[in-house]
Amino acid sequence: MRTLLITGPGGSGRTTLAAATALAAAARGTDTLVLGTDRTDTLGAALGFPTGPTPVEAAPHLTAWRPDPAREFRRDLTALQDRAASALDLLGASRLDPEELTPLPGAEELALLRALRDAALSERHELLVVDLPPVPQALALLALPEELRRYLRRLLPPERQAARALRPVLGRLAGVPMPAEWLYETAARWDVELAAVEAVVADRDTVVRLVAEPGPAGSDALRTAGLGLALRGLRTDLVVANRVLPEASADTWLAGPVAQQRKTLDEWRETHDVRTVAHLGRDPRGGDDLTALAVPGPDTDAPAVDWPVTDRLGEDGVLVWHLPLPGAIRDELDLVRRGDELVVTAGRFRRVVPLPSALRRCTVDGAALRDGELRIRFAPDPKLWPRAR
């Protein structure tokens, strides 16, 4: 299944264009699921059909779904209490009733990630269109599966589970149940679920589409989004310029906004594949308005993001790792080697990436930023080579 993730700055009309994209695909006979994320039903307002926690058929070949984080949170915490019953009883803790539970910070993000995984793995649809939150929240959301899996591996290393066979013996000796078993089982289950989400986001049939209104705020958002997505190795298909004003207009007061949009579009086209969507003169509502927008379909042929390693041992005695980071600023870049990982900081974004196997027995010899690409030099270090016994 193809997956199209749509985001943009707040107020750019990304939800409307997500609905229009899904409706256009469905009109061509593609079985499509559009996934909404807003607490309020902005997706349903655009479609002219209410959406909620139960998937509904909004049009022929089109299903709309807006997960309920509160319900998901209550279900998960209730299940967690059941699994940890012995530990809670040992501590004398009283259980919480589902009716008194309210979502904690982060519940919405986890509910959306689970919905994304379930939708992608259901194999019921050919296309999944996801209306992501605005750019800053969307970038944090897309980074969450990888980061949470790393935290779990550090806090509860899988190799320590080899000692689980001793826990029943220890429990009998101590005369009390040992809670570590369910803790590791829970961590293992979460790791599997997060790995499934991470696989969906990184899949070759998944692309990110950026929606912005031409202007200074839109340009700033595109620069931020481009850098954040590049650091995560995620690929984009298009930049959709929304609410583009007509060039020929009798209203003289529109001359300034039109000129500003024209200048911005010229700048965007230098670095992005840009498609324009005209301003209808009103907020689009319902199928007719969404069809009139004539949004472009998903382009899963967008080039994959590659971080190649080039061999320059013969010329310079180093291997060079190439990381495309468009929009990165030299003074806002930072690199820290940590074992077989590299901590890369670019502006407000940070990612811990595993080193390719060819670079793990090398030391960092320097780095340079050229033409939007970070080139990190690695020199082979005999001290890190395996030693013969």
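**From a loop proline to the sheets and the cavity**

P133 is found in the loop between β5 and α6, where helices (H or I, at least four residues) and strands (E, at least two) are DSSP runs numbered from the N terminus. The model is predicted, so local features need pLDDT of at least 70 and side-chain atom pairs count only at pLDDT 80 or more, while totals for chains, interfaces and linings use all residues. Residues are numbered from 1 along each chain as its sequence is written, and side-chain values use heavy atoms, with hydrogens and water left out.

P133 counts as buried because its relative accessibility is 18%; buried means under 20% relative accessible area, exposed over 50%, and partly exposed in between, with a 1.4 Å probe and protein chains only. Leaving aside residues up to four places away in sequence, P133 touches T7, R14, T37, L112, A138 and L141, a contact being heavy atoms within 4.5 Å. The C-alpha atoms of P133 and G8 are separated by 7.9 Å, although the two residues lie 125 apart along the chain.

The protein as a whole has 11 helices and 15 strands. Of its 389 residues, 44% are buried. Among contacts between residues at least 6 apart in sequence, 68% join residues at least 24 apart.

Strand β1 (residues 2-7) is mostly covered, with five of its six residues buried. β1 pairs with strand β5 (residues 127-131) in the parallel sense over five bridges; two strands pair if DSSP finds at least two bridges between them. Within this pairing, L5 stands opposite V130 in β5. β1 is also joined by five bridges to β6, and these two strands run parallel. Here the bridge partner of L4 is V207 in β6.

The structure holds one cavity of 30 Å³ or more, and the largest cavity has a volume of about 30 Å³. Rolling a probe the size of a water molecule over the atoms shows where empty space is left. On a 1 Å grid over the protein atoms alone, a cavity is a set of points where a 1.4 Å probe fits but cannot get out, and lining residues have an atom within 4 Å of a point. Grid points are joined across faces, edges and corners, and the volume is the space filled by probe spheres set on the points.

Which residues line the largest cavity? They are I6, L17, T21, R209, V211, V240, V295 and P296. Both α1 (14-27) and β6 (206-212) supply at least two residues of this lining. By class, the lining has six nonpolar, one polar and one charged residues; Ala, Val, Leu, Ile, Met, Phe, Trp, Tyr, Cys and Pro count as nonpolar, Asp, Glu, Lys and Arg as charged, and the others, Gly among them, as polar.

Two of these lining residues, L17 and V211, also touch N242. N242 is found in strand β7 (residues 236-244) and counts as buried because its relative accessibility is 5%. Not counting residues up to four places away in sequence, the contacts of N242 also include S12, G13, A212, E213, P214 and V277.

A further sheet is formed by three strands. This open sheet has the order β11-β12-β13 with antiparallel pairing. Its edge strands are β11 (333-338) and β13 (349-354), each of which pairs on one side only. Neighbouring strands of the sheet are turned by 15° against each other on average, direction ignored. Six bridges join β11 to the antiparallel strand β12 (residues 341-346), and D334 has T345 in β12 as its bridge partner.

Two helices lie across this sheet. Helix α6 (residues 135-155) lies across β11, β12 and β13 and runs at about 45° to β13. Helix α9 (residues 216-231) lies across β12 and β13, at about 15° to β13. Axes are lines fitted to C-alpha atoms, for helices over the stretch in contact, and angles run from 0 to 180 degrees between N-to-C directions.

Two loop residues have positive phi values. H61, in the loop between β3 (56-59) and β4 (62-65), has a phi near 70° although it is not a glycine. H61 counts as partly exposed because its relative accessibility is 39%. D371, in the loop between β14 (362-370) and β15 (373-380), is likewise not a glycine and has a positive phi of about 55°. D371 counts as exposed because its relative accessibility is 79%.

Terms used
1 Å grid on protein atoms, 1.4 Å probe; cavity = no way out; pocket = protein on both sides within 12 Å on 5 of 7 lines; lining within 4 Å.
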